[in-house]
Amino acid sequence: MLRKIYIFSPLLSGIFISFYSSAALIPATLPELLPYAVKNNVSLPVQQAQLNALTGETQSAEALLFNNPVIDWNSGKRRNVAGNPDQVRQSEWGAGISQTFEVAGQQGYRQASARSAMNTFREESLDTRNQVVLTTSILFYQILVLQEKVRLESDAVALYSRAESLVARQRQSGSATRLDNNLATIERQLASNQLLAARQALQDTRNELARYLLTSEDAIPEMRGDFDNTAKALPYTYVSLNARLENTPGVRTLEWQEKSASAELDLQKAARIPDVTLGVSYTRDGPDNSREDLTTLSVSVPLPFFQRNEAGIGQATTALTRSQLNLNTFRNAQKQQLKNQWNKLDNLKSRVEILNKQILPAADMNKRLTLLAQESGQSSLPDVLLTSQQILNAQRTRLDTLLEYQTTRLTLENIANWRGQELP
């Protein structure tokens with residue numbers, strides 16, 4: 001029952017994207033982007049189709065009589081041979097109406113099942129909205145981090161390009177070796193490769209967001225926002241999130257499914273009691289001088305000797321048991337997932353703190369010391385390259401860790417149905 005984060009439909013995207021290809025730029029900040037995403041995403045057509053089907057089922061369940069009345073008519077000509085030398089034909093006709101009534105409360109059970117199905121749809125719609133918010137938020141932070149990665153890798157290419165040019169001049173003057181030149185060239189090419197990879201990842205993520213929002217990649221602007229808010233205290237605790245688990249859309253959906261399955265079981269049990277059919281008919285027959293008018297009232301009840309609806313009851317019982325098992329399984333999995341994500345978030349916060357307060361400051365200090373040593377002729381090119389690599393690796397690790405932190409935080413809040421200020 002646990003849902004995946006990315007559930008796209010390429011077919012639906014292809015159908016609807018043509019209508020939005022010329023749309024204006026979508027919002028560039030997360031608080032503005034989320035309401036737009038809730039109103040424009042690939043799951044809306046599916047939800048509308050489900051709503052139409054459930055509306056039909058509800059209208060059918062609320063009908064005055066489940067079985068329609070039956071009207072019959074018969075007409076004929078009678079010719080009596082004896083005492084009828086002129087071969088006169090006598091017209092005879094009859095008409096009647098019958099109605100089958102459910103006498104075991106089936107209509108109430110059917111209505112209860114329809115109401116439960118409609119409430120299930122409402123909860124599923126809310127859960128879908130949360131999934132849309134989660135998916136859009138994760139893609140937003142991915143784009144935000146990848147934009148920063150592209151800038152970082154661009155700076156790295158510029159840095160190694162300057163180093164390569166400097167070494168080339170030093171080699172001409174005889175103060176640098178061919179090995180130094182090769183080292184600088186390799187580092188510049190590696191940096192260029194990292195830049196190309198970052199740009200491709202950014203383009204792929206922008207396309208993914210565009211497909212999800214039924215728009216084109218050109219409508220995705222450069223995102224703006226803060227992806228490092230680890231220093232801020234979270235507005236909730238593990239205990240407060242855990243207390244919200246019983247009121248999440250996923251739990252409420254499964255609870256309504258259980259109620260719907262229970263109503264269906266009651267309906268199947270009630271089907272063992274036969275329906276009663278009442279009928280009234282009127283006939284006119286016989287010759288004109290002795291015509292007979294006959295009014296008949298009929299009652300018919302099938303005898304439930306052989307068909308006791310065992311198959312329907314068995315299937316409904318299985319469905320109820322399965323829904324109860326799904327609910328218990330989902331509750332346990334939800335609690336375990338919340339615990340795992342909370343521990344992971346705490347671990348990531350510690351890792352970001354180490355990077356921000358210890359590794360990056362030390363790497364920056366090494367960079368300044370290396371530059372001073374290089375100016376005084378006490379530092380070689382390998383030392384400069386090693387220091388630059390350490391700084392770049394630390395910054396790359398920081399960006400990756402921050403993205404993982406944001407993804408974990410969003411997943412944690414989605415599990416507990418926590419709605420922050422940025423959610424619509």
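**Close-up 1. Antiparallel pairing of strands S2, S3 and S4 in the predicted model****.** Two strands are taken to pair if DSSP finds at least two bridges between them. Strand S2 (residues 90–101) and strand S3 (residues 276–285) are joined by nine bridges in the antiparallel sense, and within this pairing Ile97 has Val280 of S3 as its bridge partner. S3 is also linked through nine bridges to strand S4 (residues 292–300), again in an antiparallel arrangement, with Ser281 standing opposite Thr296 in S4.

**Close-up 2. The largest nonpolar core****.** This core comprises 41 residues, among which Tyr141, Leu209 and Met223 have the most contacts inside it. Two or more residues each are given by helix H2 (30–39), helix H4 (106–173), helix H5 (178–212) and helix H9 (381–415), and the largest share, 16 residues, comes from H4. A second, separate core of ten residues includes Tyr236, Leu345, Tyr405 and Leu412.

**Close-up 3. The salt bridge between Asp400 and Lys149****.** The closest N and O atoms of this pair are 2.6 Å apart; because Asp400 lies in helix H9 and Lys149 in helix H4, the contact ties together parts that are 251 residues apart in sequence. Asp400 is partly exposed at a relative accessible area of 38%, whereas Lys149, at 18%, is buried.

**Close-up 4. The salt bridge between Arg151 and Glu148****.** The two side chains meet at 3.1 Å, N to O, and the residues, three apart in helix H4, are separated by about one helical turn. Arg151 is partly exposed at 37% relative accessibility, as is Glu148 at 29%.

Key:
Residues numbered from 1 in each chain as written. Predicted model: local features only at pLDDT ≥ 70, side-chain atom pairs only at ≥ 80, totals over all residues. Heavy atoms only, no water. Core = buried A, V, L, I, M, F, W, Y, C linked by side-chain atoms within 4.5 Å. Buried < 20%, exposed > 50% of the residue type's maximum accessible area, 1.4 Å probe, protein only. Helix = DSSP H or I, 4+ residues; strand = E, 2+ residues; numbered from the N terminus. Salt bridge = Lys/Arg side-chain N within 4 Å of Asp/Glu carboxyl O.
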